[in-house]
Amino acid sequence: MGFKEKMNSLKEEYKGKKMAPAFNALHTFLYTPNETTKNGSHIRAADDLKRTMNTVILALLPVLVWGIFNAGYQYHAAVDAANGIIREPSLLGNFLTWDNFVIGAWTVLPLVIVSYGVGLTVEFIFAVIKGHEVEEGYLVTGMLVPLIVPVDIPLWMLAVAIIFGVIIGKEVFGGTGMNILNPALTIRAFLFFAYPTWMSGDKVWVHDAVKLAGTPDAISGETILGTYAANAEPVYNTFDMFFGFIPGSVGETSTFLIIIGALFLMFTKIASWRIILSAVVGAAVMGLIFNGIVDQGWITESSKFYGLMSTPFWKHLIVGGIAFGITYMATDPVSGSQTNKGKYWYGFLIGFFSIMIRVFNPAYPEGVFLAILLMNVFAPTIDHYVVQANIKHRMKRLKLKTA
Amino acid sequence: MAILSKKDQGLLMDPLADNNPITIQVLGICSALAITAQLKASIVMALSVMFVLAMGNVVISLMRNIIPSKIRIIVQLIVVAALVIIVDQVLKAFAYELSKALSVFIGLIITNCIIMGRFEAFALGNGPWRSFLDGIGNAAGYGLILIIVGFFRELLGSGTLLGFKVLGDPIQKTGLYALGYEDNGFMLLSPMALIVVGIIIWIQRSRNTKLIEEN
């Protein structure tokens with residue numbers, strides 16, 4: 001008896017019992033179930049929920065690997081900087097090294113393990129209590145969460161936030177497919193409001209910076225946005241920012257890899273190109289408006305908004321989490337707009353508000369997660385008006401015909 | 001023989017659970033969100049509302065036959081306002097710090113929907129003794145939720161209870177803080193109070209499925 005048959009007989013044995021959803025989940029995670037659809041429509045397609053989720057995870061893997069190496073690289077760079085040595089990043093020379101990988105894996109992999117461990121446990125418990133199947137929704141969330149937090153976030157905080165995010169962000173609404181907010185961003189928002197000292201500032205983005213603070217070995221690593229907000233010029237050049245040799249949350253630094261992931265997701269039609277395109281346009285428009293204000297001389301260097309307002313609009317797109325947020329979270333098919341026309345509005349406003357929040361909130365210059373959560377809430381409203389407009393349009397046509 | 005008849009007991013006990021003004025009728029939410037960051041403030045608020053509601057119910061009940069129905073809302077407002085001013089002045093005199101912490105929310109008891117709701121729904125049609133019991137019961141149901149929410153928000157948000165550092169000292173790193181625990185700042189923000197109230201409603205309804213509306 002093969003493993004698949006064993007799983008199937010286990011499943012039959014537990015059918016109708018309390019723990020059945022847990023066994024079913026294990027089974028369907030590994031194999032296609034044996035039973036076939038009995039009634040209703042018989043659409044058979046390969047791109048089911050599980051395939052969709054796995055494709056997104058595939059698109060996230062390069063970013064995760066980069067995040068691991070970058071965690072180690074930033075640590076060494078910061079130690080060097082504290083000793084007065086400026087590091088020139090080179091991909092093969094001092095980035096993809098075993099040393100970086102060990103430090104990075106030591107800090108990042110526990111985040112991934114906690115994320116999946118805690119999140120799936122909550123999902124299993126809810127599936128057993130409510131008697132529904134364990135859904136695949138957490139697979140992507142569990143991968144996104146470690147990528148959008150600082151490397152040194154305490155694991156228990158992450159665990160608390162995940163329990164909160166999965167229960168309040170998803171399970172109370174009825175599980176995967178019913179949530180109004182993106183669960184990964186709910187988790188991030190919880191962390192940000194609950195433990196702000198671990199989510200912002202110049203100490204949390206580099207491994208060990210918190211521990212070494214105040215000692216002679218103190219190191220720091222401010223994000224580029226933090227530097228701009230402080231009205232200073234970052235030490236990193238555009239090339240570094242684009243390829244991701246910069247401090248930041250684990251997965252968001254390399255815009256280059258994120259663009260590759262975005263192209264992959266758009267090619268496989270998992271992510272909506274409408275949302276990605278319009279979000280980029282929206283961010284560029286808001287950036288250009290701010291640049292225009294600076295060019296007109298309405299804002300001078302004495303203003304606390306000057307630093308981020310004068311940042312060229314294209315630089316806004318490659319620093320901070322905006323590329324990551326637009327690619328992997330704004331395109332969430334559950335919490336985003338469903339109609340094609342709505343997607344343009346939804347994406348555009350995400351980009352627009354991201355840059356606006358970024359500029360006007362210098363204490364925490366990262367607006368993309370708040371912008372996406374805000375638009376998650378408004379997505380059904382946008383869809384409603386798109387649908388109503390269509391109905392009105394067709395009613396008019398009908399009247400013309402019958403009149 | 002019981003002190004209270006069965007009906008009177010119901011007046012007192014129903015609002016505590018199955019007919020709770022906050023979790024079932026969803027009234028008085030504003031103050032439940034605004035002042036529950038500390039347990040002490042929650043308790044004082046609960047007592048203040050209990051005084052205003054019980055006294056107000058009695059007064060309205062005594063006057064119920066002489067109030068012209070066209071101006072009854074104005075009369076009710078005057079009664080609440082008078083009682084609230086008494087509470088406010090007493091707090092200012094004897095607990096000034098607390099009265100500052102509660103700021104406008106004592107004054108805003110006037111607008112607490114529970115009070116006008118009970119006047120309209122109960123005191124206008126019942127005798128003073130039963131109105132009194134109804135006021136105590138509803139205020140207790142309101143206060144119960146306030147105290148539960150206040151308990152969790154102060155414990156998890158500031159690590160204290162009634163001002164005592166029950167989890168240890170966050171600055172000297174004693175107790176739980178020595179293990180790396182930190183206070184949850186989100187608990188101190190009003191949105192979290194709404195979520196805590198929501199969780200209470202969730203638990204209550206999953207334990208008592210009669211309360212779930214059909215739709």
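1. Let's start with one residue, B:Gly157, which has its place in helix 8 of chain B. Keep in mind as you look that this is a predicted model. B:Gly157 counts as buried because it has 21 C-beta neighbours inside 10 Å, and the cut-off for buried is 20 or more.

2. So who surrounds B:Gly157? Setting aside the neighbours within four places in sequence, B:Gly157 is in contact with B:Ala37, B:Asp183, B:Asn184, B:Gly185, B:Met187 and B:Leu188. Have a look at B:Ala37 in particular: B:Gly157 and B:Ala37 are 120 residues apart in sequence, yet their C-alpha atoms are 7.7 Å apart in space.

3. Now zoom out to the helix itself. Helix 8 of chain B covers residues 128-158, which is 31 residues, and at 1.5 Å a residue it should span 45 Å. The C-alpha atoms at its ends are 42 Å apart, which agrees with that expectation. After helix 8 of chain B comes B:Gly159, with a positive phi near 70°.

4. What does chain B look like overall? Its secondary structure comes to nine helices and zero strands, so along the sequence you read α-α-α-α-α-α-α-α-α. The C-alpha atoms fill a box of roughly 65 × 45 × 40 Å along the principal axes. Of the 215 residues in chain B, 34% are buried.

5. Take the contacts in chain B between residues at least 6 apart in sequence: 76% of them join residues at least 24 apart.

6. Next, the place where the chains touch.

7. Last stop, a helix pair inside chain A. Helix 13 (residues 255-267) and helix 17 (residues 322-329) of chain A pack at an angle of about 15°, with their axes 10 Å apart. That angle makes helix 13 of chain A roughly parallel to helix 17 of chain A, and their crossing is left-handed.

8. Which residues meet there? From helix 13 of chain A come A:Thr255, A:Ile258, A:Gly261, A:Ala262 and A:Leu265, and they meet A:Ala323, A:Phe324 and A:Thr327 in helix 17 of chain A. The residues of this contact divide into five nonpolar, three polar and no charged.

Technical notes: Residues are numbered from 1 along each chain as its sequence is written. Chains are lettered from A and ligands numbered from 1 in the order in which they are written. This is a predicted model: local features need pLDDT of at least 70, side-chain atom pairs count only at pLDDT 80 or more; totals for chains, interfaces and linings use all residues. Axes are lines fitted to C-alpha atoms, for helices over the stretch in contact, and angles run from 0 to 180 degrees between N-to-C directions. Helices (H or I, at least four residues) and strands (E, at least two) are DSSP runs, numbered from the N terminus. Angles under 35 degrees count as roughly parallel, over 145 as roughly antiparallel, 65 to 115 as roughly perpendicular and the rest as oblique. A crossing is left-handed if the near helix is turned anticlockwise from the far one by less than a right angle, and right-handed if clockwise. Two residues are in contact if their C-beta atoms, placed from the backbone, lie within 7 Å. Ala, Val, Leu, Ile, Met, Phe, Trp, Tyr, Cys and Pro count as nonpolar, Asp, Glu, Lys and Arg as charged, and the others, Gly among them, as polar. A residue is buried if 20 or more other C-beta atoms lie within 10 Å of its own, exposed if 12 or fewer, and partly exposed in between; C-beta atoms are placed from the backbone. The expected span of a helix is 1.5 Å times one less than its number of residues.
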